[in-house]
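Thanks, everyone. I'll keep this short and walk through one model. Please have a look at it first.

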Amino acid sequence: MSQPPFTAAALRGAIDLSALKRPAPGTAGGAPAAAAGSADGLLVTGTDASFQDVANATVRVPAVIVLWSGRLAQSAALVDVMVAVARSNGGRFQVVSVDVDANPGLLRAFQVQSVPAAIGLVQGQPVPLFVGALPAAEVQPWVDELLKLATQYGVTGRVPIDGDPQQAQQDAEPEPSAAHLDALAAIDRGDLAGAVAAYERALAEDPTDEQARLGLAQVRLLQRTEGMDAGVIRAAAAADPGDLTAALLVADLDVLGGHVEDAFARLVDLVRATGGDEREGVRKHLVELFDIVGAADDRVVTARRALMSALF
């Protein structure tokens, strides 16, 4: 890698995409033929007309934009390399092919000095990666850092890979592990602490176990609100807007009661009003509620954008 790995600070608006409007769809810039014929959903074409849709999709799945030029045939080879890396990573990011000659608006927005160039995109925010035609082995460390950053912000979706036996195996309903069965049994008998312990054990055995992570978040929500006097908590939050404990509990109550937008708006406002460790605690609480409601829910998509705006 030719420069230090980026951090969350790289999400601070490296470029301005706001000037890219969406006129009537025009002719899409052509993706390299070798990649386009075999990329399944891993590869999409980014154009001046469609780029806002591409950016919106990165609230669920991170993307790597490959900027290349039709006048420099070799620059398009990076698209093929990136698609191969996306496939080897199980579709954890999508590749966006942009021919800068055909899309001058994107060329101006990204202000690239040479092509090919790669730029990450997480929740619509650009993350500079690298310039040059790197081989897959040198691309992977950059992808690793991008995926770490995406996970930090709760962007953990995948692109389905058609005809991939490994993907089909991943999509198949797995047999529940002993830890999952223990968690469900604990929930049935009202032992929330036991369920938490079981889900934590499942995550210790497999840190990528999304069902365990979601189950743990749900049970912790039930734990936090168990036996709570909602009236007292809401009164405390109203009396002292700076009482973070009360505010977080009110958000929990709102999610349980179906008032999801109210919960999200409350916590986004708290992110704006706080700093340091307090702000990070509120952000983590909000991301956990996102998981409980579901990443594909429109209310979550909208709130994620509001959260990114509040953070940066």
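pLDDT is the predictor's confidence in each residue, from 0 to 100. A contact means heavy atoms within 4.5 Å. Residues 1-31 also stay under 50, and there the model has 71 contacts beyond four places in sequence.

Some ground rules. This is a predicted model: local features need pLDDT of at least 70, side-chain atom pairs count only at pLDDT 80 or more, and totals for chains, interfaces and linings use all residues. Residues are numbered from 1 along each chain as its sequence is written, and side-chain values use heavy atoms, with hydrogens and water left out.

Now the whole chain. Its mean pLDDT is 81, and 82% of its residues reach 70 or more. It has 14 helices and five strands. Both are DSSP runs, numbered from the N terminus: helices are H or I with at least four residues, strands are E with at least two. Of the 312 residues, 46% are buried. Buried means under 20% relative accessible area, exposed means over 50%, and partly exposed is in between (1.4 Å probe, protein chains only). The chain exposes about 15100 Å², and carbon and sulfur atoms supply 53% of that. Those areas come from the Shrake-Rupley method with a 1.4 Å probe; for residues, only the protein chains shown count as cover. Take the contacts between residues at least 6 apart in sequence: 71% of them join residues at least 24 apart.

On to the helices. Helix 3 covers residues 77-88, so numbered by the DSSP runs. Its 12 residues reach 17 Å from first C-alpha to last, close to the 16 Å expected at 1.5 Å a residue. The expected span is 1.5 Å times one less than the number of residues. Which residues of helix 3 are buried? They are Leu78, Val79, Met82, Val83, Val85 and Ala86. They cover an arc of only 160° around the axis, so they sit on the same side of helix 3. The arc is that of the directions from the helix axis to the C-beta atoms. After helix 3 comes Gly90, with a positive phi near 70°.

Helix 14 is residues 298-311. It has 14 residues and reaches 20 Å, close to the 20 Å expected. Its buried residues include Val300, Arg304, Leu307 and Leu311. What covers them? Strand 5, helix 12 and helix 13 are among the elements that do.

Next, the aromatics. A pair of aromatic rings is described by the distance of the centres and the angle of the planes. Rings of Phe, Tyr and Trp (its six-membered ring) pair if their centres lie within 6.5 Å; planes under 30 degrees apart count as stacked, over 60 as edge-to-face, and the rest as tilted. The structure holds three such pairs. I'll show two.

Phe130 and Trp142 form a tilted pair, 6.1 Å centre to centre, with 45° between the planes. Phe130 lies in strand 5 (residues 125-131) and Trp142 in helix 5 (residues 136-152), so the pair ties together parts 12 residues apart in sequence. Phe130 is buried at 3% relative accessible area. Trp142 is buried too, at 1%.

Phe264 and Phe290 form an edge-to-face pair: 4.9 Å centre to centre, 85° between the planes. Phe264 is in helix 12 (residues 260-273) and Phe290 in helix 13 (residues 276-293), so this pair ties together parts 26 residues apart in sequence. Both residues are buried.

Most residues other than glycine have a negative phi, and most peptide bonds are trans. Where is the cis bond? It joins Val115 and Pro116, with omega about 5°. Pro116 is in the loop between helix 4 (104-110) and strand 4 (117-122). Gln111 is found in the loop between helix 4 and strand 4. Its phi is positive, about 55°. Gln111 is exposed, at 58% relative accessibility. Gln123 also has a positive phi, about 50°. Gln123 lies in the loop between strand 4 and strand 5, and is buried at 7%.

One final distance. Asp53, in helix 2 (residues 51-57), is partly exposed at 41% relative accessibility. Its C-alpha is 9.6 Å from that of Gly124, 71 residues apart along the chain.
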